[in-house]
Amino acid sequence: METEQTYHIPVLLDESIDGMNLHPGGIYADMTFGGGGHSKEILRRMDETSRLFSFDQDEDAEKNIVNDSRFTFVRSNFRYLHNFLRYYGVEEVDAILADLGVSSHHFDDSERGFSFRFDGNLDMRMNKRAGKTAADIVNTYEEERLADVFYLYGELKNSRKLAATLAKARTQKQIVTIGDFLDVVKPLFGREREKKELAKVFQALRIEVNQEMEALKEMLYAATQALKPGGRLVVITYHSLEDRIVKNLMKTGNVEGKAEKDFYGNIQAPFRLINNKVIVPSSEEIARNPRSRSAKLRIAEKK
């Protein structure tokens with residue numbers, strides 16, 4: 001079994017767990033169990049009467065399950081938070097944590113197809129039991145839809161050219177592996193920006209494969225419902241798309257950021273921001289764990 005360190009070094013560990021405001025008898029949810037780093041620290045700080053539910057849809061995460069009577073592992077996408085809390089007879093929780101970063105473990109496993117550093121199947125599914133693979137998307141989406149994926153989720157300026165090139169290439173030969181894919185798209189990027197641009201291409205495909213934005217929105221609405229008054233929502237984001245959604249929800253109560261106002265013009269938001277300014281990792285943490293570089297921590301309390 002891999003050690004937690006090789007699986008995933010938890011980002012903003014102390015800051016995020018402090019933000020959860022743990023107290024005796026609390027019920028908590030970690031929406032992104034992964035290597036278990038955050039969950040283990042929550043368990044370490046919890047008292048005997050508290051409970052922790054940790055979600056992960058990836059079967060690899062099950063290898064990191066903690067043997068602790070206060071802990072329940074839920075093998076599911078976090079969008080189903082509401083259903084599973086009801087299943088376990090839990091009405092409300094005291095804090096919810098979500099670290100939205102993709103585990104370094106996924107990038108380092110060539111079989112999963114998350115990284116352009118290895119050859120392997122162009123897969124990218126977090127849940128290997130379900131849904132379309134990245135290869136399915138690249139080979140079957142209409143050109144315009146493919147361009148939208150690259151533009152919306154990768155913020156790629158040449159999204160149309162990218163989609164057109166892929167649409168033409170797949171008529172000659174199906175794109176099955178990462179190698180096949182790179183052969184087609186690499187010539188579209190200049191040498192000096194190649195890595196940065198390819199990272200955006202892979203991010204866009206990964207988000208589409210796993211329906212990450214839809215799942216995030218559903219989870220945030222479910223979290224809003226599930227939290228007790230005074231309960232904390234603690235979220236670590238890594239790119240502008242997900243950060244915008246989280247910020248909008250915390251400020252206005254909906255993911256579009258449309259504030260509802262009462263008769264007197266006061267914003268009717270369900271949350272109070274705990275940190276008006278986002279918390280970012282220290283330079284020491286970034287040196288220790290480079291993947292934390294783009295992390296932003298937002299904390300809000302339910303009114």
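Colleague: At what angle do helix α2 and helix α3 pack?

Modeller: Bear in mind it's a predicted model, where local features need pLDDT of at least 70, side-chain atom pairs count only at 80 or more, and totals for chains, interfaces and linings use all residues. Residues are numbered from 1 along each chain as its sequence is written, and side-chain values use heavy atoms, leaving out hydrogens and water. Helix α2 spans residues 13–20 and helix α3 residues 37–45, with their axes 10 Å apart. The packing angle is about 50°.

Colleague: How do the residues of the contact of α2 with α3 divide by class?

Modeller: α2 brings L13, D14, S16, I17, D18 and M20, and α3 brings G37, H38, E41, I42 and R45; contact means heavy atoms within 4.5 Å. Ala, Val, Leu, Ile, Met, Phe, Trp, Tyr, Cys and Pro count as nonpolar, Asp, Glu, Lys and Arg as charged, and the others, Gly among them, as polar. That gives 4 nonpolar, 3 polar and 4 charged.

Colleague: Which element supplies the largest share of the lining of the second largest cavity?

Modeller: A cavity is a set of points on a 1 Å grid over the protein atoms alone where a 1.4 Å probe fits but cannot get out, and lining residues have an atom within 4 Å of a point. Here the lining is K247, M250, K251, L273, N275, R298 and I299. Both β7 (296–302) and α12 (240–252) supply at least two residues. The largest share, 3 residues, comes from α12.

Definitions and conventions: Axes fitted to C-alpha atoms, helices over the stretch in contact; angles between N-to-C directions. Helix = DSSP H or I, 4+ residues; strand = E, 2+ residues; numbered from the N terminus. 1 Å grid on protein atoms, 1.4 Å probe; cavity = no way out; pocket = protein on both sides within 12 Å on 5 of 7 lines; lining within 4 Å.
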